[in-house]
Amino acid sequence: AYKASLKLRKTSQYRGDFKRTKHNAWTLSFGHNRRAIRKNFDVELEAAQAYDVLAKRHHGHKAVLNLPQ
């Protein structure tokens, strides 16, 4: 039952963000070294770009990005 409750419906086409209908916002969710970072954005693409910045900072060249350049 616990594992089932952890599954979230995928609401975004990007990695690391999801739609919060209660707040009508896109939420970035990024975890690293037992620390969680969450931040709300009005636009899905902004949340995806913020995820990429954090992924590059914490994982360097091995980061899996939403918008590779």
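pLDDT is the predictor's confidence in each residue, from 0 to 100. Helices (H or I, at least four residues) and strands (E, at least two) are DSSP runs, numbered from the N terminus. This is a predicted model, in which local features need pLDDT of at least 70, side-chain atom pairs count only at pLDDT 80 or more, and totals for chains, interfaces and linings use all residues. Residues are numbered from 1 along each chain as its sequence is written, and side-chain values use heavy atoms, with hydrogens and water left out.

**View 1. Overall fold and confidence.** The protein has two helices and three strands. Along the sequence they follow the pattern α-β-β-β-α. The average pLDDT is 82, and 86% of the residues score at least 70. Over residues 1-6, pLDDT stays under 50, and the model has zero contacts there beyond four places in sequence. Contact means heavy atoms within 4.5 Å. Of the contacts with a separation of 6 or more, 26% join residues 24 or more positions apart.

**View 2. The sheet.** Three strands form an open sheet in the order E1-E2-E3, with antiparallel pairing. E1 and strand E3 (35-41) stand at the edges with a single partner strand each, so one side of each is left without a neighbour in the sheet. Neighbouring strands are turned by 30 degrees against each other on average, direction ignored. Axes here are lines fitted to C-alpha atoms, for helices over the stretch in contact, and angles run from 0 to 180 degrees between N-to-C directions. H2 lies across E1, E2 and E3, and runs at about 10 degrees to E2.

View 3. Strands E1 (residues 17-20) and E2 (residues 25-32) pair in the antiparallel sense over four bridges. Two strands pair if DSSP finds at least two bridges between them. Lys 19 stands opposite Trp 26 in E2. E1 and E2 form a hairpin with four residues between them. In the turn, Asn 24 has a positive phi of about 50 degrees. E2 and E3 also pair in the antiparallel sense, over seven bridges. Arg 35 in E3 is the bridge partner of His 32.

**View 4. The aromatic pair.** A search of the whole structure finds one aromatic pair. Phe 30 and Tyr 51 form this pair, edge-to-face, at 5.5 Å centre to centre with 70 degrees between the planes. The pair links distant parts of the chain: Phe 30 in strand E2 and Tyr 51 in helix H2 (residues 44-59), 21 residues apart. Rings of Phe, Tyr and Trp (its six-membered ring) pair if their centres lie within 6.5 Å; planes under 30 degrees apart count as stacked, over 60 as edge-to-face and the rest as tilted. Phe 30 counts as buried because its relative accessibility is 4%. Tyr 51, at 11%, counts as buried too. Buried means under 20% relative accessible area, exposed over 50%, partly exposed in between (1.4 Å probe, protein chains only).

**View 5. Asp 52 and its surroundings.** Asp 52 lies in helix H2. Its relative accessibility is 6%, so Asp 52 counts as buried. Leaving aside neighbours within four places in sequence, Asp 52 is in contact with Leu 65, Asn 66 and Leu 67. Asp 52 and Pro 68 are 16 residues apart in sequence and 8.6 Å apart in space, C-alpha to C-alpha.
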